[in-house]
Amino acid sequence: DNDRVIQCNIRDITDRIKQDNILKDEATKKEDLLKELQHRIKNSFNMITSLIHIRASVSHSEETKNTLDDLTLRVKSISDLYSVLYETDSFNEVRLISYCNKVINTMVNLSKNITLTKNIEDITALSTSAATIGMILVELISNVIKYAFPDSAKGIMNIGLKQINSQMELIVEDNGVGLPEDFDINSIKSIGLHLVNLMVSQLDGTIQFISGEGTKILIKFPLSKGNELPS
């Protein structure tokens, strides 16, 4: 009736704790399995890269060697992605500053005539998007090394990746010979640039080629594809 009382409820939660512990153990096992899979996939890509390199070294055709060398770089960009995932204990997100630096450093070491400057913001992306960005970098940097500075001329290449409002912006530019006057991404024979065009479409992005004193390639794609700044 108007008395003040204290009510105490006692429950045995032993079973719940046991179930919680079972779920935690299962989650740990799955994380360990995913980490092991990442490690094995990385090693598999390294093995594939080595096999391609061996095949290229014994080929007598210069065209075949060049094709296999290009393939090696593409495979290595995916291997680098799994290296970053494995090293950071992440399963589906990548810090682009770490991943892109791996890809860029591998590529730039192919030419001693190019001075590199880069400005990559610390952005986190889903591994699927990061893989596409890595492949795009491989193709664009490879094109600069092959065609921008003929006769081993020295040059400069700038690479930038940043967030602008709700978009990411990737820039690869050089001070080389520039693009032909009749350049058209839809009619050229370069497999690499066709791949870039397709991969930009996968990101729901746009690509722009600007030629003058050198070449500037500007790619924009939305953050809504699963990319976000780290919290």
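Mentor: Start with contact, which means heavy atoms within 4.5 Å. By that rule Ile-217 touches Leu-140, Leu-170, Ile-171, Val-172, Ile-207, Gln-208 and Phe-209, leaving out residues up to four places away in sequence. Mind that this is a predicted model, where local features need pLDDT of at least 70, side-chain atom pairs count only at pLDDT 80 or more, and totals for chains, interfaces and linings use all residues. Residues are numbered from 1 along each chain as its sequence is written, and side-chain values use heavy atoms, with hydrogens and water left out.

Trainee: Why does Ile-217 count as buried?

Mentor: Buried means under 20% relative accessible area (exposed is over 50%, partly exposed in between, with a 1.4 Å probe and protein chains only). Ile-217 has 9% relative accessibility, so it counts as buried.

Trainee: What makes α1 and α2 roughly antiparallel?

Mentor: The axes of α1 (residues 14-58) and α2 (residues 62-87) cross at roughly 165 degrees and come within 9 Å. Angles under 35 degrees count as roughly parallel, over 145 as roughly antiparallel, 65 to 115 as roughly perpendicular and the rest as oblique. The pair is therefore roughly antiparallel.

Trainee: Which residues touch the most other members of the largest nonpolar core?

Mentor: Leu-96, Ile-136, Leu-137 and Ile-219, out of 47 residues. Such a core is a set of buried Ala, Val, Leu, Ile, Met, Phe, Trp, Tyr and Cys residues joined through side-chain atoms within 4.5 Å. α4 (127-148) gives this core its largest share, eleven residues.

Methods: Axes are lines fitted to C-alpha atoms, for helices over the stretch in contact, and angles run from 0 to 180 degrees between N-to-C directions. Helices (H or I, at least four residues) and strands (E, at least two) are DSSP runs, numbered from the N terminus.
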